[in-house]
Amino acid sequence: MLICRMLRNTLLAGLAALFVLSAAAAQDVQKIVAVVNDEVISGYDLNQRIKLTIILSGFPNTDRTRQQLVDPTLARLIDDRLKMQEAARYNISISDEEVLNAIAYLEETNGMPPGQLDRMLRQNNIDIDTMMSQVRANLIWNRLIEARIMPRITISDEEVEAVRQAMEANKGKTEYLMSEIYLPIEPSAPEAQVRDSVANLVSQLRSGASFERAASQFSQGATAASGGSIGWVLEEDVEPEIAELLPNLGTNRISDPIRSGAGFYIVTVKATRKILENDPDDISLDITQIVVPEPAEGAANAGPGAQEKLANTISNFIDGCEKLPDILTELNSSLSGRIGQIRLGDMPDHIKEILQDMETGEVSTPYFDDGVYRIFVVCERNDPQARSNDPDAIRREIMLRRAENRARGYMQDIHTAATVENRL
């Protein structure tokens, strides 16, 4: 009897807890956090997007983080709803297949096996529609820009030539491979509130959160779809407030919040280079070294010139990098093996001279050094990028930059014309 009462009490307690959870979930679904031109954004929509942001951006899954994400996440949901409504005005749509292909591409670019995002969502109780809605909004915004903005941009030959001449005049100046997160200040959101959100985001990024993923989740600039990547810029190409800090920011550092124009920026610099100049020392090579020692006395292949002959035989036999592991195993030389990625400028001059003109897959002639013959195999070569002064490349750069600026103005116009009610 006692056992029966215990089981009954346990069952009743479980049912009570389930009822409370179900009631909370129902309340979350019914709660309206914003109305965008008569379309409702629910508490469930907001909480699902916050959970998605946390797992995609690598933020700590804490109550404090979730609370800090409320305002910027709701702003992004409102923007996404406005983008979808604007697309509907012009009968622009994105199919489920296109969305799924974009998700597959996201997995590929982040080194994930196919289907991992879906598994992550299921494990964290996130509705797949949450992910698909966000991706769909990004894709549809790009299509809106292509349909409504790009065709109206004209670039004359004179403009292209002016940029080409400016590049020649700026030869040797430093360019920055820059990425951004842009958060505008909307009339409905006090500036102090946006500033706090940006400062929190900076803190998360400096703690190791992915800049690219955070940009795709939070940034409200057109570069969000590309993880915030702007490309190569000069100081004079960006807002003065950003230009001022670029020379001292350093690579892969996260800037403080930057107030500029109608919003805040967070920027990072991935690399630097000189305009129209390549520094050969910046070439990086993935190298494997094969060391051919002198045959031991009494060996069948010993004798004058035997070591050089063996080295030449091995050098002529190697055809690229595919079979190198087998060759290294057969040679069983402790001094041989993959050296890895090395910058050409960090190598001794006599080795640099051998490697500087070698392309991927090439094998050097044997080089005698300190009693052994060395053979170098280049398995990958990365030359530093120089900014091209090709007219077509310049025209593309102008087009993308102009489209980005107009897209921001377009989004501001959509906001101005909309009726948005924030109920938080």
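A disulfide (a pair of cysteine sulfur atoms within 2.5 Å) joins Cys-321 to Cys-379, with an S to S distance of 2.1 Å. A search of the whole structure finds one disulfide. Cys-321 lies in the loop between α12 and α13 and Cys-379 in strand β10, so the pair ties together parts that are 58 residues apart in sequence. The torsion about the S-S bond of Cys-321 and Cys-379 is about -110 degrees, so this disulfide is left-handed. Cys-321 counts as partly exposed at 22% relative accessibility, and Cys-379 is partly exposed with a relative accessible area of 25%. Here buried means under 20% relative accessible area, exposed means over 50%, and partly exposed lies in between, with a 1.4 Å probe and protein chains only.

Before going further, please keep in mind that this is a predicted model, in which local features need pLDDT of at least 70 and side-chain atom pairs count only at pLDDT 80 or more, while totals for chains, interfaces and linings use all residues. Residues are numbered from 1 along each chain as its sequence is written, and side-chain values use heavy atoms, with hydrogens and water left out. Helices (H or I, at least four residues) and strands (E, at least two) are DSSP runs, numbered from the N terminus.

### The sheet around β10

Strand β10 belongs to an open sheet of four strands with the order β8-β7-β10-β9 and antiparallel pairing. β8 (337-343) and β9 (367-369) stand at the edges, each with a single partner strand, so one side of each is left without a neighbour in the sheet. On average, neighbouring strands of this sheet are turned by 35 degrees against each other, direction ignored. Two strands pair if DSSP finds at least two bridges between them; β9 and β10 (residues 372-382) do so in the antiparallel sense over three bridges. In this pairing, Tyr-367 stands opposite Arg-374 in β10.

Helix α12 (residues 306-317) touches β7 (284-292), β9 and β10, and its direction makes about 20 degrees with that of β10. Helix α13 (residues 324-331) touches β7, β8 and β10, and its direction makes about 30 degrees with that of β7. For these angles, axes are lines fitted to C-alpha atoms, for helices over the stretch in contact, and the values run from 0 to 180 degrees between N-to-C directions.

### β3, β5 and β6

Elsewhere, β3 and β6 pair in the antiparallel sense over eleven bridges, and Leu-177 has Ala-271 in β6 as its bridge partner. Strand β5 (residues 258-260) also pairs with β6 in the antiparallel sense, over three bridges, with Ser-260 opposite Gly-263 in β6. β5 and β6 form a hairpin with two residues between them, and Gly-261 in the turn has a positive phi of about 60 degrees.

β3 (174-184) and β6 (263-274) are also among the elements that cover the buried residues of α8, together with α3 (63-89) and α9 (211-218). Helix α8 (residues 191-206) has 16 residues and reaches 23 Å from its first C-alpha to its last, close to the 22 Å expected at 1.5 Å a residue. That expected span is 1.5 Å times one less than the number of residues. Its buried residues include Val-194, Val-198, Leu-201 and Leu-205. An α-helix has 3.6 residues a turn, so residues three or four places apart point the same way. Just after α8, Gly-208 takes a positive phi of about 115 degrees.

### Salt bridges

The structure holds 26 salt bridges, each a side-chain nitrogen of Lys or Arg within 4 Å of a carboxyl oxygen of Asp or Glu. Three of them are listed here.

| Salt bridge | N to O distance |
|---|---|
| Glu-236 and Lys-173 | 3.7 Å |
| Arg-408 and Glu-180 | 2.6 Å |
| Arg-401 and Asp-237 | 3.6 Å |

Arg-408 lies in helix α15 (residues 391-417) and Glu-180 in strand β3, so this pair ties together parts that are 228 residues apart in sequence. Arg-408 is buried, and so is Glu-180. Arg-401 lies in helix α15 and Asp-237 in the loop between β4 and α10, so that pair ties together parts that are 164 residues apart in sequence. Arg-401 counts as partly exposed at 28% relative accessibility, and Asp-237 is partly exposed with a relative accessible area of 30%.

How values were computed:
Contact = heavy atoms within 4.5 Å.
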